[in-house]
Amino acid sequence: MRIPPGRQQVVLAALVLEAGHVVSTDYLVDAIWDEDPPGTARTQVQICVSRLRKSLASTVATLETRPPGYRFQAEPDAIDVRRFQRLAAEAEVVGREGRAAEAAALLRRASGLWSGPTLSGISSRSLGTKAARLDEARTNLIETYIELELGLGRHSGLIGEINALVQDFPLRERLRKQLMLALYRSGRQAEALEAYRRGRDLFMGELGLEMGEELRGLEASILSGDPALLLGPERSDPRSAAAPATPATPAGDDQGTALAILSQEPEAYSDVGEARPRQLPADTADFVGRAESARTVEVALTLPERGHAVGVAVVIGRPGVGKSAMAVHVAHRLQDERFPDGQLYCDLRGSRESPTETAEVLARFLRALGIPGQSIPEGREERADMYRSLLSERRVLVVLDDAGSERQVADLLPGSPGCGVIVTSRARLTGVPGAVLVELDVLDRDQSFDLLRRIVGSGRVDAEPAAADSLVRSVGRLPLALRIVAARLAARPHWSLASMVNRLSDERHRLDELTHGELGVRASLSLTYDGMDDVTRRSLRLFALADGPNQPGWIAGALLDDRRRYPSDLLEPLVDAQMLDVTGIDPGGDPRYRFHDIIRLFARERLLDQEPGPDRQAALRRLVGGWLGLVDEANRRIHGGDYLLLHGEGTRWHPPRALTEIALADPMEWLEREQDNLYAAVDTAARAGLDELCWDLAVSLLTLFGRRCHPDEWALTNQRAMEAVRAAGNLRGMAAITFSNGCLYLDQRKNDEARAAMTAALDGFTGLGDPLGRAKCLRELAHLANVDGDRGRALDFGERAYEVFESIGDVAGMGRTLLLTGHVRLVMGEEERGMVELLRARQHAETTGDPRSRAQVLRRIGQYSLLKGDHREALGILTESFELVRELRDPIGEGYLLHDLGRVCGSLGRTGEARRFLGRSLAVREQIRDGAGAAEVGLDLARLLQGLGESGQAVELAERVAGVFAERGMESQRAEAARIAGAHGS
């Protein structure tokens, strides 16, 4: 099979690199034309895909059309990238088991899949970035198998290969080190030293830098004939080379390590607030009519004469008239030309019992705009201020669907004239400032015929014009009703339009006239519903139990207790009948589903009328149990086991294993993505009286809350769960939710409330004989005592917590407790015992595999090294911790560690690096709204600037942070800032 060069190769490469996932047409356009696509770009992409399908016809691969683009499907081993990833993963497993020779062989096989640079000959800037990453991964893999084989004593046979690699990558220090070792171990000491000197000359000539610490130390060891070189870690423990690389603790000058961190781009959280969201639902392919209304909306959003006012259009009309469809259609037409900086979308649920709170919408929008959860203010007004500030210089379109009132919309309006807002509502929102009101009525006759032709086909409609006219009139030209009837006809080509008219006549006679508002919609829905098979009708009824913005397909299996491999197949007949909407595709490539509001009401009517109460309750248990089972698995993957997690006795329902593996490929990302559905499941369980499932799921979300900082949702979830367990008299549930509240107060630094909650929870767990609950409460009380400065009480609580964790074998709990007690002992001067406990905490973190815990332990060890003056050791340890939190995208941890790195570089006299670390720490602290932390960093930076003779900047910074210290009662820091300001201010 030969693919012609040019666009087809670019499209195929983009699809193969994302095999198994949907690649949008917009992405393919960008990949081909970068930033200047022609007007026919999307058509040309379709042509490329069509030709590729023909080329692939004789292969095992397929190219599927899946909105909003295409998906390439093939067996994993048919794709070199997937084979490379599989072989590398297998090598890591066998390497950790000590089978170094097998690991090296697997890595060589993986590297051998390359026949040149990745995507060589394909010109595409976006694909070039991915190709560079793959080439870098291959080079890292080569370095790893060379290190393994050096450890196996194969140094002589490797010299030629490594030498060639050094010629290709002369600035890679790891390869040069490996060449020096191979030469030295082969008795070629002079050549090993010459390899070093060539590298040193190259670094100085091209970069103006010295070689890194490890290479300089290796040169010294070779010069001295250090026998340890022949018994190094490569020989003594070959497993180490197959483990993930982490920076070693430097023994000398660490300039290379520090500069490597500083040179990484982009800098930490430099993209905060710069994201370009694309949240619009899919456009309606067969959208018809509404030209005049659509033009009115466009003019309201884009007319230059608007001056300094933001353009707002409010689209109103009856249910089912097509308000949302038109708003989304216009938004898609305007998105690229008029609003290139992004589109925000939210269903405000104004017509439902519980409309979406404005503060919650603001939080969603701020996250979509790139603001980390930790940086989002608590109050609605503060969130609105941040939202408007972010949009002040941007051109963003905001679509607010189903607004219930002007108040719900007011804080969501940007202040920038470059932005636009489309609001849809069933109410006449005449009070939205500066809004143009656009009222939609039913379609006219010609538009109705046009819609009917597009769905049913022109031939059938034109063959029965009188029946088509009667059909259009019988559904009152309401778009929703007409679409449903037309979809049924399209699915049954053997039916005549006249037969459908007769069926509608029968329904009107039974249920009421089709033209009477919502009764008309109900009649049409009844007609479609009655034509379904039993399983599909039950799927529709039970799907109404699921709440939340959109749903994954597996919940259909849970609701019906159906164990089929693809439970979404239960929902596809509903999609075909337009009784269920597909709102998008999740990262695993599976559809997401949602009812139209009117159809949801209809489904719930049928649910109450036709589904017995015990069956409804059983379906709800499976639904909530399915979410709980997935959260359990996500937590296990994050924590490295079933640690630190309180479990109730509610029954779990498990989706098919293959779906679980795809969904939880990134468990933390899955928790964040599904959080709205998880909150809705807690609420559903509370309303249904499923108190055990309710508290179990609420407490299981502590990982999400603690690591991604969603305080509003945390508080509301706990409130609903507490109501449920109190009503049921569920004592263990009450203790668990009280503990969760205590964690929330700790996160908010409300220490008095946290202490009261933890004490109450401890009493509850003690009375119930629950050891895990007791241990968790004791550990948090130890933390609170330490914050209060009561070290003895902190150790007492901590030792008691450790004993309980140890008795139940909770490794993560043991590690977290030792992290705290070890730190307390170091502060108290018990250095030996404190360090022993910290090292044991590190061992526990490595056992569980939780990088966050490992980073926390490393930071404490690094801080202690800094405190006792071991600055070089501190730099190495803190560097390792920093890289872990950077990988985790933990802005709070980055802010702390950048500050630590700035202090240690300052102590080493490396003022340039210190200045850059402190400056970045200050920026991160300000971004996450940590005022006190930013002031402490600013004070250290002011001291540094003063020492460098930059008195103007030092004074300005000191004066600014002095005010913060004064407001917070931090007197010693305020006095120091005032001293710096006064030293040059007179």
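Helices (H or I, at least four residues) and strands (E, at least two) are taken here as DSSP runs, numbered from the N terminus. The model is predicted, so that local features need pLDDT of at least 70 and side-chain atom pairs count only at pLDDT 80 or more, while totals for chains, interfaces and linings use all residues. Residues are numbered from 1 along each chain as its sequence is written, and side-chain values use heavy atoms, with hydrogens and water left out.

**Exercise 1.** Determine where R290 lies and whether R290 is buried or exposed.

*Solution.* Begin with the backbone: R290 is not a glycine, yet its phi is positive, near 65°. Most residues other than glycine have a negative phi. Next, locate R290 in the loop between α13 (255-262) and α14 (291-302). Finally, its relative accessible area is 9%, and R290 therefore counts as buried (under 20% relative accessible area; exposed is over 50%, partly exposed in between, with a 1.4 Å probe and protein chains only).

**Exercise 2.** Find which loop holds D402, and state its phi.

*Solution.* D402 sits in the loop between β6 (397-401) and α18 (406-410). Its phi is positive, about 60°, although D402 is not a glycine. With a relative accessible area of 7%, D402 is buried.
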